[in-house]
Amino acid sequence: MKIYTQRLEHISPEQQFETVELSFDTRQKSRFRATLSNGTDIGADLPRTGILRSGSFIATNTGDVLRVNAKPEHLMQVTTQHEFDLLKAAYHLGNRHVPLMLTPTALYFEPDHVLAEMVEGLGLVVNEVEHPFEPESGAYAQHSHEHRLSPIKALHHVHH
């Protein structure tokens with residue numbers, strides 16, 4: 001079994017690679033097993049440097065390269081006729097600290113019927129869909145700190 005141990009920032013245009021589709025949950029892990037579209041089983045033991053974004057590349061010690069794509073998964077899709085309502089929904093969902101994917105025309109979050117009812121109560125439409133999930137990384141996700149503050153607490157610290 002090939003074990004992928006490195007994250008690659010860039011690959012050369014002529015680099016050959018296999019692809020794998022992984023759920024958001026798996027892309028958050030530094031260690032996982034997966035099956036490629038051709039049926040090959042692989043393993044990953046990567047440095048803990050954050051989520052594998054769709055389009056990321058990882059490699060084995062011998063130079064085999066794998067492109068990681070976001071796998072379509074069961075999600076709640078929020079849409080509306082009015083852009084400002086989408087902004088309001090994003091604000092209220094963000095206050096609940098759920099992973100949230102933002103697009104110009106829709107919001108996506110993992111199935112949660114309580115949140116869906118809240119959003120519908122704001123006048124938006126919620127549908128269950130199959131869609132790749134690429135939630136926003138937090139504003140502070142780029143920095144690794146020993147103790148991490150929530151964005152709200154961090155803002156509070158900045159202003160005091």
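1. Start with the contacts. Among those between residues at least 6 apart in sequence, 66% join residues at least 24 apart. Note that this is a predicted model.

2. The protein has 4 helices and 11 strands. Of its 160 residues, 32% are buried.

3. Now the aromatic rings. Searching the whole structure gives 2 aromatic pairs. One of them is Phe 17 with Phe 57, an edge-to-face pair with 5.1 Å centre to centre and 75 degrees between the planes. This pair links distant parts of the chain, 40 residues apart. Phe 17 sits in the loop between strand E2 (6-8) and strand E3 (18-22), while Phe 57 belongs to strand E6 (residues 56-59).

4. Phe 17 has a relative accessible area of 36%, so it is partly exposed. Phe 57 is buried because its value, 13%, falls under the 20% cut-off.

5. Next, Phe 24 and Phe 133. Their ring centres are 5.2 Å apart and their planes stand at 80 degrees. Angles over 60 degrees count as edge-to-face, so this pair is edge-to-face. Phe 24 lies in helix H1 (residues 24-27), and Phe 133 in the loop between strand E11 (125-132) and helix H4 (151-159), so the pair ties together parts 109 residues apart in sequence.

6. How accessible is Phe 24, and is Phe 133 buried or exposed? Phe 24 has 4% relative accessibility and therefore counts as buried. Phe 133, with a relative accessible area of 0%, is buried.

Key. Residues numbered from 1 in each chain as written. Predicted model: local features only at pLDDT ≥ 70, side-chain atom pairs only at ≥ 80, totals over all residues. Heavy atoms only, no water. Phe/Tyr/Trp six-rings, centres within 6.5 Å; stacked < 30°, edge-to-face > 60°. Helix = DSSP H or I, 4+ residues; strand = E, 2+ residues; numbered from the N terminus. Buried < 20%, exposed > 50% of the residue type's maximum accessible area, 1.4 Å probe, protein only. Contact = heavy atoms within 4.5 Å.
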